[in-house]
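This report looks at one strand and its neighbours, then at pairs of charged side chains. Please have the structure open while reading.

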Amino acid sequence: METRLLCTFTTLARTGSFTAAAAELHLAQSTVTVHIRALERELGTRLFDRLPKGALLTESGRRMLERAEDVLDAVARLQAACDGEGAVGGRVVVGTPESLCSTWLPGVIAALRTSHPKVDVHLYAAGTAQCVDGLRSGRLDLALLLEDEADFPDVTAETIAREPLALVCSPSHPLAARAHAVTWAELAAESFFLLEQGCSYSDELERRLLAVPGARPRLTRFGNVDAARSCVAAGLGLTLLPLTTVDEQLRQGQLARIHGPRFAEVTVRLARHRRRWAAPAAQAFAQELVQHLSDGAAEETSRPAADPPPLLHHLDGGPPAPC
């Protein structure tokens, strides 16, 4: 059995579309069809139901998918072992909250291009649910989750940092000059520009605002930090964001922090699929990420950097740490 047929099979199972699978594999759509038919003939079973809106795995296809992924995983390990003497290279696909795309990750990728120039990083801005789905389907190699709890049966996630949150407004906003702490009742009367549904700290803030008796906050959701930050800087309302995403604007006087309720730091977790092996490129990215965070913490605290989280000890394919 040719591994390219298995690769086509797993890609089609993940995308659910012959067109999408062909585009991802850089093949003609007819070639994808030929590969699937050849695999079905060899196995003597139908793997997909062809539907008007795409391809749906049959029961036989679902049973085969995990085994096919195991075979491709073993092949990848073998190739990595043969290339062990050369430079680490390849593509790593990382899902991440949009707020981290513009803060931490540019520095990580810049450092990675120096330490491992053959590693190609692809970032996809996504919330927790999308990241977990991407890890499960194989679309993502690693993911960053902004979650205090990450209890997923097939995903292992370890804490790598904690992000302070900042409640901010325009310097011209009436709450900016308040000497005493703003109450929840006062906040519930304001307009807020929050990140989209699925952002853990935005969802929690919305829940707490709506829990205020008689609350009528005006809540607008955005898909990116820049939009929320710009509306707030224009004096249209308030927002709650990781401090790293507003630190520069605070220093330049474009935003002001509000003295109000305390918000717990949000936990940043590095996640991967529990069963799948992490390729050397993914290992290199994870190590560079943790080193970048450790260096930043050392600069701020002047204390030695902490040891890497347990997850990194298992990215080489050893038994995963329990969540």
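The model is predicted. Arginine 62 and glutamate 59 form a salt bridge through their side chains, with an N to O distance of 2.7 Å. Both residues belong to helix α4, which covers residues 59–82. They sit 3 residues apart, about one turn of the helix.

Neither residue counts as buried, because relative accessibility is 46% for arginine 62 and 43% for glutamate 59, against a cut-off of under 20% for buried. Each is therefore partly exposed. The pair is also part of a network of salt bridges that links Glu59, Arg62 and Arg63.

## Other charged pairs

How many salt bridges does a search of the whole structure find? The count is 13. One of them joins arginine 14 to glutamate 24, with the closest N and O atoms 1.8 Å apart. This pair links distant parts of the chain. Arginine 14 lies in helix α1 (residues 3–15), glutamate 24 in helix α2 (residues 18–25), and 10 residues separate them. Glutamate 24 has 37% relative accessibility, so it counts as partly exposed.

Glutamate 186 and arginine 178 also meet in a salt bridge, at 2.9 Å from N to O. Glutamate 186 is partly exposed because its relative accessible area is 30%. Arginine 178 has a relative accessible area of 23% and is partly exposed too. In general, side chains of opposite charge can pair when their charged atoms come close.

## Strand β5: partners

Which way do β3 and β5 run relative to each other, parallel or antiparallel? They run parallel, joined by 2 bridges, with β3 covering residues 89–96. Valine 94 has leucine 142 of β5 as its bridge partner.

Strand β12 (residues 266–273) pairs with β5 as well. Here 4 bridges join the strands, and the two run antiparallel. Alanine 143 has alanine 271 of β12 as its bridge partner.

Terms used: Residues are numbered from 1 along each chain as its sequence is written. This is a predicted model: local features need pLDDT of at least 70, side-chain atom pairs count only at pLDDT 80 or more; totals for chains, interfaces and linings use all residues. Side-chain values use heavy atoms; hydrogens and water are left out. Two strands pair if DSSP finds at least two bridges between them. A salt bridge is a side-chain nitrogen of Lys or Arg within 4 Å of a carboxyl oxygen of Asp or Glu. Buried means under 20% relative accessible area, exposed over 50%, partly exposed in between (1.4 Å probe, protein chains only).
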